[in-house]
Amino acid sequence: MHVVTGDSPRPSKTKRRGRHPHKALAPAIIRTAGPGRYADGNGLYLYVQPTGTRSWIQRLVIRGRRCELGLGAVALVSLAEAREQALANRKLARSGGDPLADKRRLQGMPTFADAAARVVAQNRDGWRSPDHARVWLRSLERYAFPRIGARPVSEVTSGDILQVLTPIWHRKAETARRVRQRIRAVLEWAVAMELRVDNPCDRIGPVLGPQQDIVQHMRALPHRDVAAAIATVRDSGAMPVVKLAFEFLVLTAARSGEVRLATWSEIDTEDHVWTVPATRMKAKREHRVPLCGRAVEILDAARSLGDAGPLVFPSRGGKPFAKTTLPTLLQQLRVAAVAHGFRSSFRDWAAEETDHPREVVEAALAHVVRNRVEAAYARSDLFARRRRLMDDWGAYLGEERGQVIPMRR
């Protein structure tokens with residue numbers, strides 16, 4: 001190896017004493033120098049191989065170790081760019097950093113899309129629904145990946161995120177909020193993995209501005225019309241198991257997924273209790289549901305359908321019926337509500353027509369107590385009082401004779 005100091009184009013075998021070179025190389029030297037190493041300053045050298053290949057290297061002492069970094073070929077990296085990188089590397093090394101480690105890290109840096117896939121894989125088992133991972137990724141594939149999917153996760157900037165979100169921030173407000181939340185989760189993973197030091201999602205709020213979208217509540221019927229909706233479904237041409245599942249959902253004020261996946265092992269036929277496991281509950285807590293007389297009759301009818309599988313309301317082949325089955329049925333029957341909206345109907349009935357305490361109604365809906373102090377003392381599930389509440393709800397539906405409100409078009 002040869003080293004040239006100062007402005008001399010000839011390699012020297014001895015190390016120069018005294019003042020170190022500073023911007024010693026000139027374009028003519030870079031073009032014409034023969035094989036060897038030619039010093040420029042800040043540890044930067046032009047390295048000319050016997051084959052004539054020319055590249056930049058830098059010698060540094062990094063945390064007490066002598067290291068050598070390649071900065072790229074002369075044909076790709078100009079002298080000015082090599083000097084700028086060499087100065088930055090030297091400053092980082094003097095402050096205790098490791099430019100070599102940073103370079104190795106960047107070479108293995110995942111793209112934003114790769115990082116998103118890792119976040120999904122890490123969180124999949126903790127999500128309530130197996131479909132959530134697919135929905136989570138699909139939103140990023142549609143809105144974020146075209147702009148930042150192929151970019152190293154360390155190089156995603158607030159400007160990139162603004163270009164993703166700005167077109168949909170007001171036009172598709174709810175979607176935009178979810179995309180922002182998911183982008184933030186990916187970048188937060190990158191921060192935790194020490195692939196970057198900040199999360200640019202934290203800086204874009206003032207630029208995006210407030211959203212003026214109107215909150216769209218799930219469609220729900222007035223409680224006086226719920227019984228008529230049950231009658232409409234009961235008289236329809238839907239599969240018997242679907243009709244039974246719908247009425248059971250209304251009577252228990254349960255969520256659709258809780259009913260669709262209900263198994264016979266969860267039903268206590270002697271005490272008339274349905275125990276929904278924590279894995280299927282939104283709050284991740286086991287929930288006991290007292291069954292009124294009509295709900296028990298529905299279970300008897302479901303058992304008489306002849307399917308010996310584990311599901312209470314199985315579709316063909318013993319599998320759960322599709323998530324879209326009830327929404328599609330209600331739409332076809334022009335019932336102006338979604339399945340989840342019957343929980344709201346139940347809530348309104350309890351508040352307007354009964355004296356049942358609010359905490360009993362909230363417990364029946366399996367709502368989480370938000371106040372931490374209140375939650376610390378709310379250890380009881382108020383089961384006995386909830387049984388009276390659900391019996392009253394069943395009796396009310398059996399007595400009411402309302403009209404189905406047509407769905408607006």
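In the predicted model described here, R234, E247, R294 and E297 are linked in a network of salt bridges, a salt bridge being a side-chain nitrogen of Lys or Arg within 4 Å of a carboxyl oxygen of Asp or Glu. A search of the whole structure finds 17 salt bridges. Because the model is predicted, local features need pLDDT of at least 70 and side-chain atom pairs count only at pLDDT 80 or more, while totals for chains, interfaces and linings use all residues. Residues are numbered from 1 along each chain as its sequence is written, and side-chain values use heavy atoms, with hydrogens and water left out.

Three further pairs can be described individually. R151 forms a salt bridge with D160, in which the closest N and O atoms are 2.6 Å apart. Of this pair, D160 is buried, with a relative accessible area of 3%, whereas R151 is partly exposed, at 28%; here buried means under 20% relative accessible area, exposed means over 50%, and partly exposed lies in between, as computed with a 1.4 Å probe on protein chains only.

A salt bridge also joins the side chains of R347 and E362, with an N to O distance of 2.8 Å. R347 belongs to helix α15 (residues 341–353) and E362 to helix α16 (residues 358–364), so the pair ties together parts that are 15 residues apart in sequence; helices are DSSP runs of H or I with at least four residues, numbered from the N terminus. R347 is partly exposed, with a relative accessible area of 21%, while E362 is buried, with a value of 16%.

Within helix α8, E188 and R184 are four residues apart and are therefore separated by about one helical turn, and their side chains meet in a salt bridge with an N to O distance of 3.6 Å. Both E188, at 33% relative accessibility, and R184, at 34%, are partly exposed.

Helix α8 (residues 173–192) also packs against helix α5 (residues 131–143), at an angle of about 100° and with the axes 10 Å apart, where axes are lines fitted to C-alpha atoms over the stretch in contact and angles run from 0 to 180 degrees between N-to-C directions. The two helices are therefore roughly perpendicular to each other, a term that covers angles of 65 to 115 degrees. The contact, meaning heavy atoms within 4.5 Å, involves H132, V135, W136, S139, L140 and Y143 of α5 together with T175, V179, R182, I183, A185 and V186 of α8.

How values were computed
Parallel < 35°, antiparallel > 145°, perpendicular 65-115°, else oblique.
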